[in-house]
Amino acid sequence: MYGLIVKLTAVSGRRAELIEVLGGDDSHMIAGCLSFIVSEDAADDSILWVTEVWASEAHHEASLALPPSKHGLAAIETLVAGYERIAVTKPVEKHSHPMHGERFTNS
């Protein structure tokens, strides 16, 4: 498995819009995406934390090549003032729990 922790800084006053784009209807259906959690920073109203779990790094890379309408990339670009990859992680399969009760699989 492949994991990421990303810090997104929203354009001033537009964090709620960014949350909507990141949590779009198709966000949970991207091949190989096992978990995608968007969290608001408790102290800074422009910061979001995104914790991602992918079946593999290749699945994550393939998701970045999706058309903007599928992945919302065009809308995200107008809402993000800053992006920082905080960490690349290796989720521990037997001690991690997907959001919807699915089983993690290394497909």
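The accessible surface of the protein amounts to about 6,700 Å², and carbon and sulfur atoms account for 55% of it. This surface, like every other value in this report, was computed from a predicted model. Of the 107 residues in the protein, 31% are buried. Among contacts with a separation of 6 or more, 72% are made by residues 24 or more positions apart.

**Overall fold**

The secondary structure consists of 4 helices and 4 strands. Along the sequence these elements follow the pattern β-α-β-β-α-α-α-β.

The 4 strands form an open sheet in the order E2-E3-E1-E4, with antiparallel pairing. Its edges are E2 and strand E4 (80-89), each of which pairs on one side only. On average, neighbouring strands of the sheet are turned by 15° against each other, direction ignored. In general, the strands of a sheet pair through backbone hydrogen bonds, in either a parallel or an antiparallel arrangement.

Strand E3 (47-54) is mostly covered, since 6 of its 8 residues are buried.

| Strand pair | Sense | Bridges |
|---|---|---|
| E1 and E3 | antiparallel | 8 bridges |
| E2 and E3 | antiparallel | 7 bridges |

Individual bridge partners can be named on each side of E3. Towards strand E1 (residues 2-10), Leu4 has Glu52 as its bridge partner in E3, and Thr9 stands opposite Ile47. A hairpin of 6 residues joins E2 to E3.

**Helices on the sheet**

Two helices can be described in relation to E3. Helix H1 (residues 15-22) packs on the sheet and touches E1, E2, E3 and E4; the direction of H1 makes about 15° with that of E3. Helix H2 (residues 57-64) lies across E1, E3 and E4, and runs at about 125° to E3.

Which residues of H1 are buried? They are Arg15, Leu18 and Leu22. These residues lie on the same side of H1, because they cover an arc of only 55° around the axis. Ala16 and Glu20, on the other side of H1, are exposed.

Ser46 belongs to the loop between strand E2 (33-40) and strand E3 (47-54).

The side chain of Ser46 is joined to that of Asp44 by a polar contact of 2.7 Å. Which residues does Ser46 contact when its neighbours within four places in sequence are left aside? The contacts are with Leu8, Thr9, Ala10 and Arg15.

Technical notes. Residues are numbered from 1 along each chain as its sequence is written. This is a predicted model: local features need pLDDT of at least 70, side-chain atom pairs count only at pLDDT 80 or more; totals for chains, interfaces and linings use all residues. Side-chain values use heavy atoms; hydrogens and water are left out. A polar contact is a pair of N or O atoms within 3.5 Å; within protein, one must be able to donate a hydrogen and the other to accept it, and residues adjacent in sequence count only if both atoms are side-chain atoms. Contact means heavy atoms within 4.5 Å. Two strands pair if DSSP finds at least two bridges between them. Axes are lines fitted to C-alpha atoms, for helices over the stretch in contact, and angles run from 0 to 180 degrees between N-to-C directions. Buried means under 20% relative accessible area, exposed over 50%, partly exposed in between (1.4 Å probe, protein chains only). The arc is that of the directions from the helix axis to the C-beta atoms. Accessible areas come from the Shrake-Rupley method with a 1.4 Å probe; for residues, only the protein chains shown count as cover.
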